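Visitor: I would like to go through this model term by term. Please set each value against its definition.

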Amino acid sequence: MALSHKTERPMLVRTDQGYCLTGHWTTDHIQALQRVTLPRLESGAIDWHSQIQSLDTNGAVFLLKLIKDNHSVWPKGLLTAHERLLNYVSQYSISVPAKAPELNMLADIGYRATQSLAHGRELLEFFGRLSALLFSLLLNPRQLKIKMLLDVVQRDGLHAVPIIALLAFLLGAVIAYQGGLQLATYGANIFIVELVSLTMLRELAPLICAIIVAGRSGSSYAAQLATMQMNQEVLALRSLGQDPFAWLILPKLLGLMLVMPLLTLLSMFAGIAGGMVVASLQLGLSPLEFLQRFGTEVAVIHVWVGLIKAPVFALLIVNVGCMQGLLAKGGAEAVGHSTTRSVVQGIFLVIIADALFSVLFAQLGW
Amino acid sequence: MTVVNLKDISTRFGTHEVHRGLSLVVEKGERLALVGGSGCGKSVLLSEIALLRQPDAGDIQLFGLSLQSLNQSGMARLRKQIGMMFQQGALFSSLTVLENIILPLREHQRLPESQLQELAMLKLKLTGLPDIAAWKYPQELSGGMLKRAAVARALALDPALLLLDEPTAGLDPAGASDFDDMLLELHATLDLTLILVTHDLDSLWRVTSHVAFLGEKKVLAKQPMSELSENVHPEIQHYFSNTRARRAAIELES
């Protein structure tokens, strides 16, 4: 029956014996079905009979509508199968339920605000648990899984070296180039050293590191933990008498806090090297002069300012990534969702922390 | 009329052969279950019938048309005649249940939204879902409702052949039994041919008109359940001789 060229469209035609329904009243002809209408008549119901060749539920919906329009007079001569189907379909009163009304703007803002507050609270709670965990680690250092920690050091530290070095180098070069254009107009070429060094050491090296690590590692933590959560692996760990935090989070936390300062140091070197190359090419400042001025004019405190931020950024990234992973609920979609959120929130918090650090260091006069 | 005709089907995954020279005929109006031990290729066979996978050798005829003779548009028209319910439902998670059912209708026809919703609502009702399920997302449904919604979407285009992959797996006995009732009712009124893969012995006894037993890479037997359970083939004997199968049979007799 299926494909044997059901070309005959559903129609309501006028014949000598009255009106007649013909053709195939099936899904294939839905558009034609929609156009079948009753003729305009002043006097009540029309007399009709059926020569419908095939009928399915979608066709039945349209036919029932016509029947209703025709004062519920059923066509004569319906096949028993068709009549059964019509009866079957007509027992359901089809009414599309209303959608749940959408919140108005004010309510929506309120809803989102409370959601954000609840989320912030969760973050804080998680942060508290992490701190407690670190404290308990001091009392009982044996719960640290060294092998997993080393794994983190390799994956999130060593393997990130090329990309971080390259990006920091380019960043230093760009700053030197843009700054150099301005400095050259005043003949103050030599100050390029301070410009590049201070921005890289104090701000950009830790920041670019944190952003790349949030994108590379924070997201993978979230994805890993969310997947484990979906698979009930986290519950399985707990049922085996293991602390999921000790297995899943502690190695990441310590590992990343260990490698972030190293990566930051690396990006400091790379950034200044980038600035040095541009300075010698564009401003005619030889690398030797650059390094001499760097040694005499740039204080060590600036390196420390940059390095202090690194473990804090690491803490934030691990905190957000792991929390998003463990809070994921639902199906595979939730994994992607938690990954996205971990990156956005990770970078958001890193920049907020960076701003707070600036205020702090300004107060301290560093 | 023959709905499905498989001739000498062979399927391989790398070097692992799943089917060799498998043949199966399904007539219109049959309610056929595919059974067999784990890994015997039931689901693979189902996806081949659903045109989702091509066998490595052999011929598939659906509704009397050989797949080899069909071009792209012919295949597309054939697919509309086949509804498939996937094991986990496979409903689109970003759409509500009603939007899930509307999707195939919207793709193939140009109709006003209200009309589409009406047609979709009927499918929802046919599968016994409550009205409130219409605007829910698949994640918010229980297992039983999810499976019904999946059937509703499979029925959207009024297919002549409905394929179901483990329809009652994961449902509680009462839910599974209700689901079987729904299938029987749909079959009785909608002119459907059913092919289902199942391990549920209650379903095998209640829903099916025939059962095809897959083993030794082909169809060992295709018989009504009462005859199949008496079959002397050792593999079939083994499958049905366990206590669970006996209990299901005894329950049905009593």
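Visitor: What share of the 254 residues of chain B counts as buried?

Guide: The share is 55%. Buried means under 20% relative accessible area, exposed over 50%, and partly exposed in between, with a 1.4 Å probe and protein chains only. Some ground rules follow. This is a predicted model, where local features need pLDDT of at least 70, side-chain atom pairs count only at pLDDT 80 or more, and totals for chains, interfaces and linings use all residues. Residues are numbered from 1 along each chain as its sequence is written, chains are lettered from A and ligands numbered from 1 in the order in which they are written, and side-chain values use heavy atoms, without hydrogens and water.

Visitor: How many helices and strands does chain B have?

Guide: Ten helices and ten strands. Both are DSSP runs, numbered from the N terminus: helices are H or I with at least four residues, strands E with at least two.

Visitor: Why is chain B called as compact as a globular protein of that length?

Guide: Its radius of gyration is 18 Å, close to the 18 Å that the globule rule gives for 254 residues, so the description holds. The radius is taken over C-alpha atoms, and the rule is 2.2 Å times the number of residues to the power 0.38. Along the principal axes, the C-alpha atoms of chain B fill a box of roughly 55 × 50 × 35 Å.

Visitor: In what order do the four strands of the open sheet in chain B stand?

Guide: The order is 2-1-4-5, with antiparallel pairing. Two strands pair if DSSP finds at least two bridges between them. Strand 1 (residues 2-13) and strand 2 of chain B have eight bridges, in the antiparallel sense. In that pairing, Thr2(B) stands opposite Glu27(B) of strand 2.

Visitor: What makes strand 2 and strand 5 of chain B edge strands?

Guide: Strand 2 (16-27) and strand 5 (65-66) each have a single partner strand, so one side of each lacks a neighbour in the sheet.

Visitor: Where is Leu51(B) found?

Guide: In the loop between helix 1 (42-49) and strand 4 (57-62) of chain B. Leu51(B) has a positive phi of about 65 degrees, and is not a glycine.

Visitor: How do you know whether Leu51(B) is buried or exposed?

Guide: Its relative accessible area is 7%, so Leu51(B) is buried.
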